[in-house]
Amino acid sequence: MQATLEDFFKALRGSDLEVHLNAQVDAARAVELVGWSDRTLLKNALGTTLAKTTADRVLFDEAFDRFFRFDAFQKPAAAKAGTSGASPGAEQNADQTTTDQPKDEQPQMGSGGPGGCQGSGGQALSQLLLSGDSAALAKRMQEAAREVGLTDIWFFTQKGYYTQKIQQAMGLELLDREIADAKRQTMAPERAKALELARKRLFNEVRNFVERKLALYGTAPTRQLHDDFLQTQKLSNIEKRDFERMHIIVRKMAKRLAERHARRKKQRVHGQLDFRKTLRKNAAYGGILFETFWRTKVVDRPRVIAICDVSGSVRQYARFLLLFLYSLDEQLSGVRSYAFTNHLVDVSDTFTQLPVEQAVDKVIQAVGGAGSDYGQTLLDIEEQLLDQIDRRTTILFLGDARNNRGEAHTEVMRLLYERARRVIWLNPEPTSFWGLGDSEMKRYAPYCHIARECNSLVQLESVLDALLRTHSASA
């Protein structure tokens, strides 16, 4: 039974439902109490211990129904009736004997010699196929699947391999020999034909079984590989079809950063023991320190002004930077966002009125389109924002600094550098391109506390991590 439960935990993880060790222990105890015979009771017991939120419950229900699905080797009508109503106790992934056969015919694990496992009370695979014993065949297939490690399937390219390995473990070699012998016997043409049809059915059933398990176990690992790929890709190369997934990845990254820096803040709150206050408060107890008081210091959240170029060459980068920043709202104090091509536009209100993803699309559509003019934008910053910038402010530029041969106005960058706590410039172009053609990056970089190439989610996460860490360290 434990093996079945462990396989189910793996199926849940494959469905993007994280199952922690404590939850696994609680689930095992719940199964001991309710047993396996009542499908509804088992589902409720496991769901209560493993699904902590409404969203988790949706994932759990889907995974449970797919995992405890017992319709292999059944006729279509029986399969349809048995998929939803069958008790998990009917098969138990080969951990428990079936309940619909006489006890002396219960499936057992056996050795089939060179042909693989024989099982089912010593019955050969050919006997089971010709008799149509669906329960015994399904049990044999489950045993074979565990024997070959089907729960490790990740990729669709492995379907053929596992289909063949499971058939072999069920006794395919012996079945093939029986088919060959029947063909050589002139008196047994019907048996040869029946065995060949049974072999085809075996292949189809095993292949369908493997495909279902791939969908169950392989979804999360395959998605994780794709997520890893997306995180390292240049943001300008991300296709629109992947935007939704990228938004999910960004939110996960932001959550991870928020949790990491929330812990750091908690560690900083206590600081050092405040001896004077402690002694004063405990004077009534004869100097015994019943109550302790700690020196504390407030760790201010960074106040960020994000200034993003949304012209055609870099708008994709702006999309994900803004998405990242507004996903970190609990760690940042009052993010103000400005977009520009040739003039500065305050877009902060758009993000307060709309969900982040919709706000980003609206900003890019409204502001983007023209060629960049960094010089004019810096003049707009001086006019509109200079009085708002102080030693608590971090200015975060995102753009390629390509000014279309206009005036650079580096004197404004110098003013920002002197007034702000930090000026950070994220440039999606490689550093080897800085200063080439109409790029003003080498002229702006001396007035930045940090100037960094940044063109992927991994690099963006690193920069924002440093932003939060450095601010906490210097608070």
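The model examined here is predicted, so local features need pLDDT of at least 70 and side-chain atom pairs count only at pLDDT 80 or more, while totals for chains, interfaces and linings use all residues. Residues are numbered from 1 along each chain as its sequence is written, and side-chain values use heavy atoms, with hydrogens and water left out.

Helices here are DSSP runs (H or I, at least four residues), numbered from the N terminus. The crossing of α8 and α10 is right-handed, a term for a near helix turned clockwise from the far one by less than a right angle, with anticlockwise giving left-handed. On the α8 side, K159, Y162, T163, I166, Q167 and M170 take part, and they meet L202, F203, V206, R207, F209, V210, E211 and L214 of α10; contact means heavy atoms within 4.5 Å. This contact has nine nonpolar, two polar and three charged residues, where nonpolar covers Ala, Val, Leu, Ile, Met, Phe, Trp, Tyr, Cys and Pro, charged covers Asp, Glu, Lys and Arg, and polar the others, Gly among them.

A63, R66 and F67 of α4 make the contact with K213, A215, L216 and Y217 of α10, giving five nonpolar, no polar and two charged residues.

Five cavities of 30 Å³ or more turn up in a search of the whole structure, a cavity being a set of points on a 1 Å grid over the protein atoms alone where a 1.4 Å probe fits but cannot get out. The largest cavity holds about 110 Å³, a volume being the space filled by probe spheres set on the points, which are joined across faces, edges and corners. Eleven residues line the largest cavity, with D7, Q142, A145, R146 and T151 closest to its centre; lining residues have an atom within 4 Å of a point. Both α7 (134-148) and α10 supply at least two residues of this lining.

The largest pocket contains about 710 Å³, a pocket being an open set with protein on both sides within 12 Å along at least five of seven lines. Among its 23 lining residues, D16, E18, Q224, R245 and K252 are the closest to its centre. Helix α12 gives the most to this lining, with eight residues, and the lining divides into seven nonpolar, three polar and 13 charged residues.
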